[in-house]
Amino acid sequence: KNMAMLAGSADGLAFVAPLRHADLAPPVPSGTRPTSRVHSRSSAAASLSVCAGAVALARRSPARKNSRCHSRKGFVTLRAEEVEDLSITAATDTRVVKRELNDRQQQFWEMLEEDFEEDVVPEFGRENLLRVYEFIKYCKYEKEIPELPEFQDIDPEFFPGLRAKPWWEVDEIDNPEWVEKVVAGLPYVQGELADLLEDNEEYLISDSVKNDVMGGGWSGFRLRRLGAWLSRNCELFPKTVQLLKQSDVPLAMRGVIVARQVPGTGVQPHSDGRNFFLTAHFGLSVPPDCAITVGGEERPWKEDDCIVLDTSFMHSTRNDSDEDRFVLVIDFWHPDLTIPEREALEWIYDFRNKFEQGKIKYVPKLPDGFWETLYVYSAWGGAYTEENVLKEPIGPDTLGGFKLGSF
């Protein structure tokens, strides 16, 4: 069965799932694209693409709900792409295999859980982090992901107890006033986008993640990624960054991106694979005949307005117009998360980033009881003390006040 696949990226707990695939970029079509509604002085080649900071996760087969088996570490449905890797007949893409953490993943979780207990639990209390502990179990394949609503696909970064639906209304999210503030400030974003298109359009597409699912018609310019603002890119959108900060947007750990889709292109159906944030699309330049389908329901983007969706549901896009389409994409925390849970998730993904960047080095954990044993056999633990050794005046047969034994 053909399965949509988002190429591997560093936008999530990528080390959690050991079977990933490299980015694949189709050739950029030649020719001159139509003039954008966000006007520029020049016309450039059609761009490569990214889907609003989409995370690299593969779609499971529709038969996934009946295709699980138990293993020591958890449950897994074999993807079609992985079947070939494991030399199993591709026709049996719903067969199951054991999924376990590899050595590097085990090192990561060992270190994270130890630091989590020291840094996060004392601040927020274990009783306020019970769902985070359950989330970690899903990530480690120690717990089976429950039955999901139709079109939703999460593996393995599932956070329990959150409402799940493909489309959300603005008044359903926390403090929707921030959406109104961003909408009011969209002219600043549109102006900075127009300047970049005029001055350095190629730079606008240079930051894009490229893969087959996104296709050759998408490109994305990232302002924020994995909880960190990208200073070089933010210098080109200073008013946009200021707008988002002053609007108190509850930014999640994934990103903020200016996404473009050129005429006659679309993004293949896929899931971003995480359910603990929602995504807002603010229309910057939206020609007719453009739409996004989420969970089987298609809706158009709204220019100078906002739509809210859950990208853990299968979604795809189309631009059947003859103009470019631009949206500002913002990931924000799911409204059902508590403040301690948001802080804990942010800490987990920050730890993950540092681990992947080599800023956190693995140090093997000492065996249980190591320090107690060391104490018992040490001088300060009673194995060798002054009280048990006869003291004598310093002389030729003494050393530091302790009488030398006979050999």
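Colleague: In what order do the four strands of the open antiparallel sheet stand?
Modeller: This is a predicted model, in which local features need pLDDT of at least 70 and side-chain atom pairs count only at pLDDT 80 or more, while totals for chains, interfaces and linings use all residues. Residues are numbered from 1 along each chain as its sequence is written, and side-chain values use heavy atoms, without hydrogens or water. Helices (H or I, at least four residues) and strands (E, at least two) are DSSP runs numbered from the N terminus, and two strands pair if DSSP finds at least two bridges between them. On this basis the order of the four strands is β5-β10-β7-β8.

Colleague: Which strands are the edge strands of that sheet?
Modeller: Strands of a sheet pair through backbone hydrogen bonds, either parallel or antiparallel. An edge strand here pairs on one side only. The two that do so are β5 (265-270) and β8 (297-299).

Colleague: Which residue of β8 does V294 stand opposite?
Modeller: Strand β7 covers residues 290-294 and pairs with β8 in the antiparallel sense over three bridges. The residue in β8 that faces V294 is E297.

Colleague: How many bridges join β2 to β4?
Modeller: Strand β2 (residues 218-225) and strand β4 (residues 251-261) run antiparallel. In this pair R222 stands opposite I257 of β4. The number of bridges that join the two strands is seven.

Colleague: How is α6 oriented relative to α8, roughly parallel or roughly antiparallel?
Modeller: Axes are lines fitted to C-alpha atoms, for helices over the stretch in contact, and angles run from 0 to 180 degrees between N-to-C directions. The axes of α6 (residues 186-206) and α8 (residues 238-246) come within 8 Å and cross at roughly 155°. Angles under 35 degrees count as roughly parallel, over 145 as roughly antiparallel, 65 to 115 as roughly perpendicular and the rest as oblique. Therefore α6 lies relative to α8 roughly antiparallel.

Colleague: Which residues of α8 make the contact with α6?
Modeller: Contact means heavy atoms within 4.5 Å. From α6, the residues are L186, Y188, V189 and E192. Their counterparts in α8 are P238, K239, T240 and L243.

Colleague: How many charged residues has the contact of α2 with α4?
Modeller: Helix α2 (residues 103-119) and helix α4 (residues 130-139) pack at about 175°, with axes 12 Å apart. The contact joins W109, L112, E113, F116 and E117 of α2 to V132, Y133, I136 and C139 of α4. Ala, Val, Leu, Ile, Met, Phe, Trp, Tyr, Cys and Pro count as nonpolar, Asp, Glu, Lys and Arg as charged, and the others, Gly among them, as polar. By class there are seven nonpolar and no polar residues, and the number of charged residues is two.

Colleague: Which peptide bond is cis, with omega near 5°?
Modeller: Most residues other than glycine have a negative phi, and most peptide bonds are trans. In the loop between α4 and β1, Y141 is placed, with a positive phi near 65°. P156 also has its place in the loop between α4 and β1 (167-168). The cis bond runs from D155 to P156.

Colleague: What is the mean pLDDT of the protein chain?
Modeller: pLDDT is the predictor's confidence in each residue, from 0 to 100. It stays under 50 over residues 1-37 and over residues 397-407. Of the chain's residues, 67% reach 70 or more, and the mean is 77.
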